[in-house]
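Here's a protein to look over. Take a moment with the sequence and the 3D view before reading on.

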Amino acid sequence: MRRLSLAACTLSILILTACGGGGGGGSSAGSASANSLSAAAQIGEKLFNDTILSSTGAMSCASCHAKGNHHAAADTRSVPAGAEAGHEAGRQAPSLQYLKFNTAFAFAADGTPTGGFTWDGRAATLAEQAAGPLLNPNEMANAGVDDVVAKLKRSANAAEFMRVFGSDIFDRPADAFARLQFALQQYQLEDPDFAPFSSKFDLWQAGKLQLSTAELKGWSLFNDPNKGNCAACHTSVGVGSQPPLFTDNTYDVLGVPRNPDILANADPGYYDLGLCGPTRTDLASRTDLCGAFRVPSLRNVAKTAPYFHNGAIKTLTDAVRFYVRRDTNPEEWYPTDTSGAVQKFNDLPAAFRKNVNTTEAPYNRKPGDAPALSESEIADVVAFLNTLTDGYAP
C-alpha cells in the first residue's frame, strides 16, 4: 500500500471547514448559476456569505473560502483568524473546490486511510464538516446549536429559510441547525463553481490548445516516479469521463517544519498530529498515524498559498522545493539546536518522527545526494501546476 508514508508530492493546502473565518456580507450577490440551483442550495449560498452566523457578526464561511479565490482564503495568513480576538483556526484553510467528489473516511482493504473531510478526515460529509467552524470557539465561536439558530432567526435570510424548510423550523433548533448544514452542503454540491474543470490543463486534455515547453516538461516530471513522483498521491488520470482531481484522498506524514506563527505552537509541548489528534480523537491509539494529514487536490494550487496543513511554506516554488530538498538539504527547512545539529521533522515529537515518509521518491535521499529535481526542473513543475488554475481564458 502506500500506507501513510506514501505521497511524494503532497502540496498540502485544511480543509478546515465548509464554513470558516471572517468577511463576507449578509446575502451574496447571487451566483451566475443561481437559477439552476435547488431552493436549499440557493439559501445555502446566501447563508455561506451571511456574517451574522458568527459570534461577532463579522465572519462568514466565505471569509476563509472566498468565491473570488477558488473558495480558498483570500489572504496569506498561515491559518485563519478566529471571530474572537486572540483566537485562530489552527490549521490552514484551503479551497473547498472539488470536495464534492470526496467520500467518508475509511480504511482500505490494505489498511490505507482514505477519504474524509477536513485535514484529519473526521467529518463524513460536507454537511458534517460545516458544523465544525460554526461551533468551534477558535473559529466562528458560537456557544452552541441554539446560539447559531438564534442568530439564523435574526438573519435577513430567515424568511427564505422558513419558506424552504417550513414556517415552524425555528421552533425545532436541532432540526434548524441540521437544515443549515444541509443547505451549505447542497450549495457546494450543486454550484458549478465548486468543480468547474476550466483550467488550461483541462483545455489541453480536450485537445483545444497546447501547453508550453516548460509546462510539458513539468507534466513529465510530475508523473515520473523517479523525479517528482507527484502523481503517486496527486493522481493525474481521471476516472471514466471525469477529469483527474489531482488527489487520491489518502494521508501522508511529510514532516513539514513547525510554524512559529501559529499561536498554539508557542507551547513547546503542543503538536498537531493529524489523524491521531488532538482534534480528532477516535484514532488516538494509532500512533502509527500520528502526523498524517489528508492529501488535497492540487487544482488551483497556484492561488491558494500558503501550503501544508500549518501554512509553513509560503510559496508554490518553495513547496515543490521542500519535497525534493527536505532530505538532501534539511538545514534549509529546519532549525538547529545549540550544538548546531539540524532538528529535522521538528513539528513532531521524537517518538513519531519514524512515521515520516522517507522511502518514496523524492524522499529516498540523504544529505550529500543530488535532489530529485534541479532548480530548473522545479520551475518546470511549478509552470505545470499553474496550468491547474480554473478560469483560464486563451
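Predicted model: local features only at pLDDT ≥ 70, side-chain atom pairs only at ≥ 80, totals over all residues.

Residues are numbered from 1 along each chain as its sequence is written, and side-chain values use heavy atoms, with hydrogens and water left out.

Let's start with the big picture. The protein has 9 helices and 4 strands; helices (H or I, at least four residues) and strands (E, at least two) are DSSP runs, numbered from the N terminus. Of its 394 residues, 56% count as buried, meaning under 20% relative accessible area with a 1.4 Å probe, protein chains only (exposed is over 50%, partly exposed in between).

Now zoom in on helix α4, residues 158–165, where Ala 158, Glu 160, Phe 161 and Phe 165 are buried. Seen down the axis of α4, these fall within an arc of 160° (taken from the directions from the helix axis to the C-beta atoms), so they line one face of the helix. They pack against these helices, by contact (heavy atoms within 4.5 Å):

| Partner of α4 | Residues |
|---|---|
| α1 | 39–48 |
| α3 | 145–154 |
| α5 | 173–190 |

Just after α4, Gly 166 takes a positive phi of about 115°.

Last stop: Pro 330, in the loop between α8 (316–325) and α9 (375–386). Is Pro 330 buried or exposed? Its relative accessibility is 9%, so Pro 330 counts as buried. Leaving out residues up to four places away in sequence, Pro 330 touches Arg 325, Val 342, Lys 344 and Pro 367. Pro 330 and Val 342 are 12 residues apart in sequence and 7.0 Å apart in space, C-alpha to C-alpha.
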